[in-house]
Amino acid sequence: MASRYHEVYEGWKRDPEGFWAKAARAIDWVSPPKKIFDKDAGVYGIWYPDAACNTCYNAVDRHVAGGRANQKALIYDSPITGRKKAFTYADVKAEVSALAALLQDHGIGKGDRVIIYMPMVPEAVFSMLACARIGAVHSVVFGGFAARELATRIDDAKPKLVISASCGLEPGRVVAYKPLLDRAIELSAHKPEACLILQREEETCELIEGRDYDYADGVARTRGRDVPCVTVASTDPLYVLYTSGTTGQPKGVVRDNGGHMVALAWTMENEFGVKPGEVFWAASDVGWVVGHSYIAYGPLIHGATSILFEGKPVGTPDAGTFWRIISEHKVVALFTAPTAFRAIKKEDPRGAFVKKYDLSAFRTLFLAGERADPETIKWAEQHLGVPVIDHWWQTETGYPVSQNPAGLGLLPVKYGSPGVAMPGYDVRVLDDAGHPVAARTLGNVVIKLPLPPGCLPTLWHAEQRFRDAYLREFPGYYKTADAGFIDEDGYLFIMSRTDDIINVAGHRLSTGAMEEVVAEHPDVAECAVIGVADAMKGQVPVGFIVLNSGVARDGATVEREVVGLVRERIGPVAAFKSVVTVKRLPKTRSGKILRGTMQKIADKEEWTMPATIDDPVILDEITVALADRGMGV
Ligand code: COA
Ligand code: AMP
């Protein structure tokens, strides 16, 4: 079918308000928007400023009332525990209402924050929806983060209550969540009043009298209680999701209720090409934005069935897990990160597992979160026989900025490009002075303001940081901090970040935050952390340390301790495993560490001696040190 993309995109460009007024009809409002956009309100204008709604109502109740009560809403498939369970929309309503009642009994109401620190269990999604039901603001923290990261988020979000679990499960080990939570609360200045703890069979935990409450006991008491969906302003926050900034202080991305629902509903139909009643699977984690938008809210708002997968693409039990799930649950579209496919390809290069399953219902594979290398895309195309669609977005936007819109009819795929700008987004490429560049010229990828509905209106209690980080450098534009170019057909190519963020297995991490931790080691005088290319994870961090003069201990011991420190402070997700001790760090004459050059050496790329380098010999020393570890040359 010929793609309607150009017609739809031009339609949006001609009349953005008309476009978003029409899209808003997919939502059941308590009071529908009379005004679509107020350009004078908020930081860059506000969408649906006068509307009122409830997100849980749209994700759950309206489907129960509208004929989907017995349709599966959520399928929990956990190869790591061997458990599977399906929840209909009616079941989800019952679970969410019971939990909402319990939250109310704990004094949680509109505007209160609730932190959710949970593994991939259905209760994590129920917790998000229960908060939405009563107008509380949730903040989900990814389970792979350590206690200190959780503490930072507790201090910023100031939750009245935390919902957590006794443990999570990683291949070969049980991750005890409760000690991490206890430690985080010890470290944080703000103390939540209560914690609801889901006891899992694999490992239970002690509850602290007067603070901790058993989740299952609580909902058993409130089950059957009817908790109406609380009306909130469309502009009220639904959630805050922390993402890596350029310092150890993460950015609290705020998501509103109304704009978020409209945008997600539009993307499910038009970009992912999924119909209500069909099965959609985002193989990510509820701790990331992909989990928020495309495990929890998007599919449910759209009346589809969502899969909640607790496992890994390989090893739980094998590289055929993805195909087993697709075939067993009749998944029509899968969304995951390219790294998952690189892991599968490595284990099963000939796609032998793919052939064992009936994938006839499967229509499209969507990849995002990091650059999709053409090799991986071609492997997936060849073995799955379906279109493989790379698309690009960020925690801040909440849904794709560029895509190849399956629902509007696919455009030709260009390998290496995450597609074309989606309606709502006027994507430009500017040079460092803010001037537009010609097609195919590398520059700063920016989005012309205003951002569309559902994108972050601000950062949590940090409006100035929002302006400084995203809006100041290129007036009139939102800075994505990605570098790339647009070709003559309007296809975008994302090449790298312009800040210190690296992408490890599709996880966004700040090298600056890692440097802050490394520098805490008493024997470290100076350090730098860079992201180097990795065949499986895309990038992995590598630390360089200079020891304090007079340190008698051997470098290898300090290196091991530094690795341990990052794991303890940031968490295993940082995948920080390599540290190289060097005599000095390469710097410019003004003292700036030449991280870019170090990265090129580590990645075996061509590099030139920076004209401003203080002492060129240091780069030779770095080259030798890397070679000793099997990196670089
Ligand atoms: N709780 C606790 N620890 C966690 C965790 C969680 N929720 N998630 C990950 N970790 C730990 C892992 O156990 C691992 O620890 P280790 O150093 O002891 O092995 C570490 O954090 C790194 O995890 P991960 O990035 O998942 O790497 P991996 O080597 O375990 O697996 C892949 C590699 C490719 C299989 C895996 O990264 C993957 O499935 N990626 C899919 C992409 C994805 O989901 N991206 C999210 C954004 S869309
Ligand atoms: P996150 O906020 O965790 O979703 O990370 C967003 C960042 O991941 C983007 O700014 C990009 O740097 C990178 N990213 C996401 N999707 C893609 C993609 N399809 N191609 C290249 N980079 C991507």
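Two strands are taken as paired if DSSP finds at least two bridges between them, with strands (E, at least two residues) and helices (H or I, at least four) being DSSP runs numbered from the N terminus. Valine 429 sits opposite valine 445 in E24. This is a predicted model, so local features need pLDDT of at least 70 and side-chain atom pairs pLDDT 80 or more, while totals for chains, interfaces and linings use all residues. Residues count from 1 along each chain as its sequence is written, and side-chain values use heavy atoms, with hydrogens and water left out.

The pair belongs to an open sheet of four strands, ordered E23-E24-E25-E26 with antiparallel pairing. Strand E23 (427-430) and strand E26 (492-497) form the edges, each pairing on one side only.

Leucine 456 counts as buried because its relative accessibility is 0% (buried means under 20% relative accessible area, exposed over 50%, partly exposed in between, with a 1.4 Å probe and protein chains only). Leaving aside neighbours within four places in sequence, leucine 456 is in contact with residues including Tyr44, Val253, Glu396 and Phe466 (contact means heavy atoms within 4.5 Å). Glycine 252 lies 204 residues away along the chain, yet its C-alpha atom and that of leucine 456 are separated by 9.6 Å.

How values were computed
Chains lettered and ligands numbered in written order.
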